[in-house]
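I opened this notebook to keep track of what I looked up, one topic at a time. I wanted each entry to be plain enough to follow with the structure alongside.

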Amino acid sequence: MRAPRFYDFLHRQIPVFILLSVLPGLGYLLLGGLNGVFVPAFVWYLLVVAASIWGWRLYRTFDFPTMGEHRRDRWYRQCTWFFYAFFLLWALIFLLYVGQEAYKLHYIAIFTEIGASVVASSLLASDRRLYRPTIFILMVPLIVYFFLVGEWYGYVLAVFACTLTWVLLYAANSTHQLLMEANHQASHDALTSLFNRQYFIEHLQNRMNSLSESGEFAYLLLIDLDHFKNVNDSLGHDVGDQLLQGVVARIQQHVTQDCVVARLGGDEFIITGSGFDQREACERAALDVSGQLVAGLKETYIVDQHHLYISASIGVSIISGRSANANRFIKEADIAMYEVKAKGRDGVFMFNEEMADRVERHLEVERLLHFAVANDEVTLHYQPQLNREGRVIGVEALARWNNPALGFISPVQFIPIAEQTGLIVEIGNHILETGFKTLREWHDAGIELDQFSINISMRQFTHQHFVAQVEELVQRYLDDGLRSRLMFEITESVVAEDINRVILVMKRLKESGIRFSMDDFGTGYSSLSSLNKLPLDEIKIDRIFVGALGKNEEDRVMVTTILNMANILKLKIVAEGVETAEQLEFLRGHDCDAFQGYYYSMPLPKEQFAEYYRTRS
């Protein structure tokens with residue numbers, strides 16, 4: 001399989017050969033005119049010009065990024081015949097001038113033949129199919145000429161010419177071997193001897209061009225080994241490298257010879273399959289091969305007496321000529337592969353249009369989210385929290401994003417993206433500042449709340465500047481009385497972090513008067529021991545449990561258990577997601593302290609909440 005550099009090298013030689021023929025050819029034409037062989041020399045030069053025009057067209061039509069496999073092969077065949085034609089023309093001028101001994105033109109003919117042979121061995125060394133026949137085409141007539149001289153020096157020159165032929169072939173073969181080794185190192189992975197990422201992307205781009213010409217489809221498989229890092233960390237990289245070599249051997253057992261397998265890096269491999277006329281047939285073949293790979297790769301590996309087990313997650317994308325960017329299909333397969341990871345690993349997922357729309361939406365949300373705070377698009381709505389007597393005692397500040405292009409984007413969609421990209425730190429800081437200012441304004445307007453709850457993302461909470469940012473905002477907007485009304489809501493995922501560091505941050509903020517609530521309690525990682533360690537003031541029963549009250553006995557028992565546990569730990573309890581009178585009555589009957597949900601009010605803009613507060617008061 002020829003690399004793109006091979007074709008590019010031949011392409012660059014065409015103008016060189018044209019110049020080496022057209023310009024010196026004028027000298028041969030002049031010598032022919034001066035020595036009585038003008039007509040043959042003129043005809044020869046016309047052939048040189050015609051061949052040059054042909055070569056220039058070949059040079060101009062070369063466009064590797066857009067050429068399919070069939071066009072590329074046709075161009076290469078024409079290029080081969082072009083080089084043969086040029087050297088045959090130089091052999092012809094040798095035959096024309098070598099007999100003109102009276103005018104001493106035979107010396108020029110001999111030099112021409114030797115010079116053309118050196119050019120062939122130097123400039124065509126990248127292709128054995130070119131330099132081997134060409135050297136023989138040029139040197140054999142010279143050897144024969146010396147032999148036919150019939151004198152002893154002629155035989156000696158014939159031997160010298162044979163030796164020169166061998167030297168030229170040896171030099172060209174050595175150069176060719178070095179070029180092939182350099183190309184192999186540039187295009188292959190050193191550990192597995194598979195193609196590397198750079199080569200594969202070039203190959204995939206060429207494959208897409210071919211599929212565009214033929215209208216066929218091919219599949220792309222992206223394989224990621226599950227938990228391979230554990231092998232490297234526990235047994236060392238030597239064992240990990242041998243395991244990778246074993247994986248490669250199994251991959252090659254399950255794919256056909258027309259498939260191209262490459263290592264993208266680390267524990268990721270990628271495969272392109274053969275072409276199919278119908279997309280459905282291509283999808284079936286992709287899933288069949290993927291299923292065989294998933295089953296084959298998780299069989300036991302024996303490496304240095306270690307019995308190793310490893311599975312693979314495979315993402316599938318269907319390649320066609322519809323896109324001009326090879327990285328798009330790799331990205332699609334990568335997204336599908338991570339879908340497998342999200343669903344438990346050790347499986348196959350095929351990228352589809354629904355996923356494409358979701359990914360496109362995700363990317364657009366991510367792009368516009370970068371400008372959301374600067375464009376003042378992120379605002380806060382406030383959902384009331386009421387006590388057992390129905391009085392508004394607190395509020396939870398909830399982020400809302402309204403973009404001119406996308407409209408209203410649910411927090412369920414943009415908050416995870418903000419956390420993944422790190423934008424949650426900027427957005428969270430904006431939410432804190434907006435919330436603190438609102439609390440200050442409401443206090444000045446006579447709206448007195450016992451608590452003002454703000455959700456804190458774990459990525460924001462564990463950021464190195466989080467405490468300093470909170471302390472700076474508190475100093476700017478709040479006095480001691482207002483600080484004590486702040487309630488930071490954290491989720492149970494905090495337990496999965498460095499628990500000692502989390503406790504240190506919480507204690508530092510509690511020195512400023514801020515209290516803490518465990519949000520969505522009962523759905524995550526927390527346990528009695530972790531609850532006892534964390535300096536919490538409140539827990540919030542998740543809406544899932546509240547919404548299921550009255551539907552089955554198990555959820556009633558769960559809510560009752562949470563309420564009893566909170567009472568034992570002397571923690572305040574807020575039930576969120578209260579939507580019916582029956583739910584409220586059950587929670588009241590089991591000593592729940594505060595309630596929040598659509599039964600009382602949806603989240604409200606700042607002005608509407610102020611009106612709601614005064615109405616309830």
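The entries below go through a surface patch, the cysteines, the aromatic rings and the salt bridges.

**Entry on the model.** I noted before anything else that this is a predicted model.

**Entry on the nonpolar patch.** I then asked which helices supply it, and both helix 5 (128-148) and helix 6 (152-187) give at least two residues each. Helix 6 provides the largest share, with 7 residues. I picked out Val156, which is placed in helix 6, and its relative accessibility of 34% means that it counts as partly exposed.

**Entry on the cysteines.** How many disulfides does a search of the whole structure find? I wrote down 0 disulfides. Cys282, for example, is in no disulfide, and the nearest cysteine sulfur, which belongs to Cys259, is 10 Å away. I checked the accessibility of Cys282 as well, and with a relative accessible area of 0% this residue is buried. Cys79 is also buried, at 1% relative accessible area.

**Entry on the aromatic rings.** I reminded myself that a pair of aromatic rings is described by the distance of the centres and the angle of the planes. The structure holds 32 aromatic pairs, and I looked at two of them in detail. Tyr382 and Phe609 form a tilted pair, with 6.5 Å from centre to centre and 50° between the planes. Tyr382 belongs to strand 8 (residues 378-387) and Phe609 to helix 23 (residues 606-616), so this pair ties together parts that are 227 residues apart in sequence. Both Tyr382 and Phe609 are buried. Tyr599 and Tyr600, by contrast, form an edge-to-face pair, at 5.3 Å centre to centre and with 80° between the planes. Tyr599 is partly exposed at 37% relative accessibility, whereas Tyr600 is buried at 13%. I also recorded one aromatic cluster, formed by Phe17, Trp54, Phe82, Phe83, Phe86 and Phe87.

**Entry on charges over rings.** I found that Arg250 lies over the face of Tyr301, 3.7 Å from the ring centre. The charged end of Arg72 sits over the ring of Tyr7, at 5.7 Å from its centre.

**Entry on the salt bridges.** I counted 24 salt bridges and followed some of them. Arg328 and Glu332 meet in a salt bridge of 3.3 Å, N to O, and they are separated by about one helical turn because they stand 4 residues apart in helix 11 (residues 326-342). Are the two partners buried or partly exposed? Arg328 is partly exposed, at 38%, while Glu332 counts as buried, at 6%. In helix 12 (residues 353-369), Glu364 and Arg367 are 3 residues apart, about one turn of the helix, and the closest N and O atoms of their salt bridge are 2.8 Å apart.

Glu471 and Arg508 make a salt bridge at 3.1 Å, N to O. Glu471 is in helix 16 (residues 466-477) and Arg508 in helix 18 (residues 499-510), so the pair ties together parts that are 37 residues apart in sequence. Glu471 is partly exposed at 24% relative accessibility, and Arg508 is partly exposed at 41%. Finally, I noted a network in which salt bridges with shared partners join Glu396, Glu489, Lys540, Arg543 and Glu576.

Notes: Residues are numbered from 1 along each chain as its sequence is written. This is a predicted model: local features need pLDDT of at least 70, side-chain atom pairs count only at pLDDT 80 or more; totals for chains, interfaces and linings use all residues. Side-chain values use heavy atoms; hydrogens and water are left out. Buried means under 20% relative accessible area, exposed over 50%, partly exposed in between (1.4 Å probe, protein chains only). A disulfide is a pair of cysteine sulfur atoms within 2.5 Å. Rings of Phe, Tyr and Trp (its six-membered ring) pair if their centres lie within 6.5 Å; planes under 30 degrees apart count as stacked, over 60 as edge-to-face and the rest as tilted. A charge sits over a ring if NZ of Lys or CZ of Arg is within 6 Å of the ring centre and within 35 degrees of the ring normal. A salt bridge is a side-chain nitrogen of Lys or Arg within 4 Å of a carboxyl oxygen of Asp or Glu.
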